[in-house]
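This report takes the ligand site and then the chain interface. The structure comes before the details.

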Amino acid sequence: MEQALIEFQNVCKTYVMGDATVRAADQISFQIGRGEFVAIVGKSGSGKSTCMNIIGCLDIPTSGNYLLNGHNVGQMNKNELAAIRNKMLGFVFQQYNLLPKLSLLENVEIPLMYAGVAREERKQRAKTALEQVGLGDKLRNRPNQLSGGQQQRVSIARALVGRPAVILADEPTGALDSRTSREVLQMLKDVHAAGNTVVLITHDNSIAMQAQRIIRLEDGCVVYDGDAHEPEAVVQPRAAGTGGNP
Amino acid sequence: MKLSESFSLAIRTIVSRKMRTFLTMLGIIIGVMAVIVIVGLGNGMQNYIRESFADLGTNTLTAMVMGRGSSRSVSVDQMYEIASDHADKFDALSPTVSLSDTVRIGDKTPDETTVTGVSEDYFGMKDYEISSGRGIWYSDVMGRGKVCVIGEYLANTYFDGSPIGQTLRIGANRFTIVGVMAAETDDVDEGGTDDCIFLPYSTAARISYTGTITSFTYTLKDENEAETGKTIIENALYLIFEDSNAYTVISNSEILDTMNSMVNMIIYVLAGIAAISLVVGGIGIMNIMLVSVTERTQEIGIRKALGAKERYIMQQFVMEAATTSALGGALGIAGGYLVSAVATKVITAVLDTAITVAPTMGAVALAFGVSAGIGIAFGYLPAKKAAQLNPIDALHYD
Ligand SMILES: Nc1ncnc2c1ncn2[C@@H]1O[C@H](COP(=O)(O)OP(=O)(O)OP(=O)(O)O)[C@@H](O)[C@H]1O
Ligand SMILES: [Mg+2]
């Protein structure tokens with residue numbers, strides 16, 4: 001079998017808050033292959049962001065293994081994690097997280113700058129990426145001169161520009177109205193259609209259903225993992241729970 | 001990431017907050033300016049002292065013979081012997097006799113004129129030139145001739161520029177003017193170097209109140225041997241008097257050294273105090289960088305998420321601090337030159353002496369280096385703090 005791109009093996013993440021320990025991720029295991037479009041869903045506090053931080057190499061598991069493209073991320077130092085984030089991952093955040101003082105072009109250039117791409121090539125690639133998301137005419141604008149939807153498109157361009165293995169979107173439509181949400185989702189679908197692996201994190205079932213596959217979390221455990229169009233994917237399978245009892 | 005990228009990032013940040021950057025730099029600007037002006041002032045004072053001594057001659061030793069009681073004194077011949085015994089060290093010698101008798105030219109009495117009895121070698125020793133007529137001759141000294149050489153000031157003021165052959169009176173004696181000394185200074189003034197009369201020392205000694213010669217000026221072949229020359233004369237005089245209180249030998253270069261080291265000490269102390277302002281400026285930079293790190297926590301989080309390694313974040317913030325303080329240093333240097341120029345004008349106007357406040361390249365380079373160094377040193381801690389931020393915390397910071 002082909003090596004999975006993302007593989008969680010009994011991943012646990014616990015936070016110690018004074019006397020109490022919170023199990024934000026509890027023995028999570030799954031595999032995501034190349035070219036999949038997966039939505040990770042769950043209620044608030046179910047552990048979505050925890051998973052996303054681990055997948056995004058912003059954090060490492062307390063126990064268990066996370067293999068990204070076969071490499072064990074848990075054993076990497078900070079510099080290696082930074083390099084992995086730079087080369088393998090493209091982030092799309094809920095709050096866009098663009099740098100307000102830089103132009104759109106410069107914002108999109110950032111991942112390439114840290115990758116050590118030469119100035120000219122960097123500019124060219126950033127320009128192409130912005131053109132792809134339909135903002136080729138606004139290269140010199142500042143983020144605050146754009147609508148929310150447009151800003152999110154810039155952040156998609158920024159995520160794509162380094163040609164990463166995984167596009168990781170955390171509530172990408174959380175701050176948008178329903179019409180622009182659809183636009184952004186369509187854009188993510190296009191990104192997927194172009195052959196990219198997309199992991200979408202959301203609490204919203206209707207958005208999750210845009211993906212091919214859903215991984216549902218509850219209290220830090222996976223309670224559903226399968227086709228996004230199965231009825232169980234959206235109906236909360238409490239009785240048939242595969243775990244997650246308190 | 002290349003340093004040039006960090007540098008252009010730093011420039012952008014600095015430009016986007018001009019007022020804040022300027023206020024942050026102020027400590028550095030003032031510190032650098034103060035150091036440059038103070039060192040420049042010291043440099044100017046040393047130049048001034050050196051020039052003043054150059055007139056007196058740093059290759060000059062002056063022996064003052066007070067004698068011991070009234071019993072014994074030293075003859076001119078004995079003093080000449082010291083020089084001829086050490087002809088490898090000494091170049092020339094002139095007894096000098098200062099007279100305070102009233103000078104009369106016609107019915108006028110110039111009262112600031114210096115009157116000095118000298119030998120035939122004196123003009124050569126001092127590098128004085130004769131502009132017309134002749135100097136003091138050996139025969140004048142031997143014959144106690146009543147001849148004199150006058151300075152340009154007297155020649156112009158009292159003789160319309162053609163004094164040769166005319167006479168003047170010193171005390172009760174009438175002297176014939178045989179030569180004019182070429183102007184030594186740019187402004188020929190009453191009481192200045194050019195307001196002078198020279199006559200043979202033998203004549204001067206005879207008409208002086210004490211009738212003895214107590215002062216002898218030696219010139220050295222090598223001005224670096226002032227110490228040796230001084231010892232030679234002292235030893236010779238000790239053999240004559242057997243009492244070291246009977247004479248003193250003054251070395252101009254020794255005095256120059258003493259004065260220079262005094263000026264140096266004052267300058268070092270003042271520059272040290274000014275340098276404290278650099279440290280205060282550095283702390284100001286550190287403070288504002290810490291504020292900046294807090295303000296830009298989210299930016300740091302985003303950069304880290306996008307793959308910035310710790311050392312890139314570090315590099316960015318250190319570069320920003322260093323650029324800020326180096327810019328402050330550059331402005332301080334410009335300010336220092338400006339203040340130096342103004343100070344030179346003010347000193348010239350107020351003190352009537354030409355002390356040029358001249359910033360030294362060394363001080364400028366040092367001030368710039370130190371200010372850039374301070375930026376790096378004081379930017380290090382905030383940069384470290386920024387680099388070590390946890391990207392998750394930083395991303396969610398608002
Ligand atoms: N840094 C932390 N320190 C302590 N507890 C934490 C920390 N981060 C998350 N938790 C806890 O871990 C659990 C899972 O949190 P997580 O942020 O992953 O949930 P989530 O599914 O992203 O929720 P939301 O939809 O509200 O973003 C929660 O109970 C939360 O309180
Ligand atoms: Mg969350």
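## Ligand site

Ligand 1 is surrounded by Tyr15(A), Met17(A), Val22(A), Ala24(A), Lys43(A), Ser44(A), Gly45(A), Ser46(A), Gly47(A), Lys48(A), Ser49(A) and Thr50(A) (a heavy atom within 4 Å of the ligand). The model is predicted; local features need pLDDT of at least 70, side-chain atom pairs count only at pLDDT 80 or more, and totals for chains, interfaces and linings use all residues. Residues are numbered from 1 along each chain as its sequence is written, chains are lettered from A and ligands numbered from 1 in the order written, and side-chain values use heavy atoms, without hydrogens and water.

Oxygen atoms of ligand 1 meet a side-chain N or O atom of Ser44(A) at 2.5 Å, a backbone N or O atom of Gly47(A) at 3.0 Å and a polar side-chain atom of Lys48(A) at 2.7 Å. The protein covers 61% of the 630 Å² of accessible area that ligand 1 has on its own (Shrake-Rupley method, 1.4 Å probe). α1(A) gives the most to the shell, three residues.

## Chain interface

Leu58(A), Leu99(A) and Tyr114(A) supply 28% of the area that chain A buries against chain B.

The interface has four salt bridges (a side-chain nitrogen of Lys or Arg within 4 Å of a carboxyl oxygen of Asp or Glu). One joins Arg119(A) to Glu5(B), with the closest N and O atoms 3.6 Å apart.

Notes. Buried area is the accessible area (1.4 Å probe) that two parts lose on being put together, summed over both. A polar contact is a pair of N or O atoms within 3.5 Å; within protein, one must be able to donate a hydrogen and the other to accept it, and residues adjacent in sequence count only if both atoms are side-chain atoms. Helices (H or I, at least four residues) and strands (E, at least two) are DSSP runs, numbered from the N terminus.
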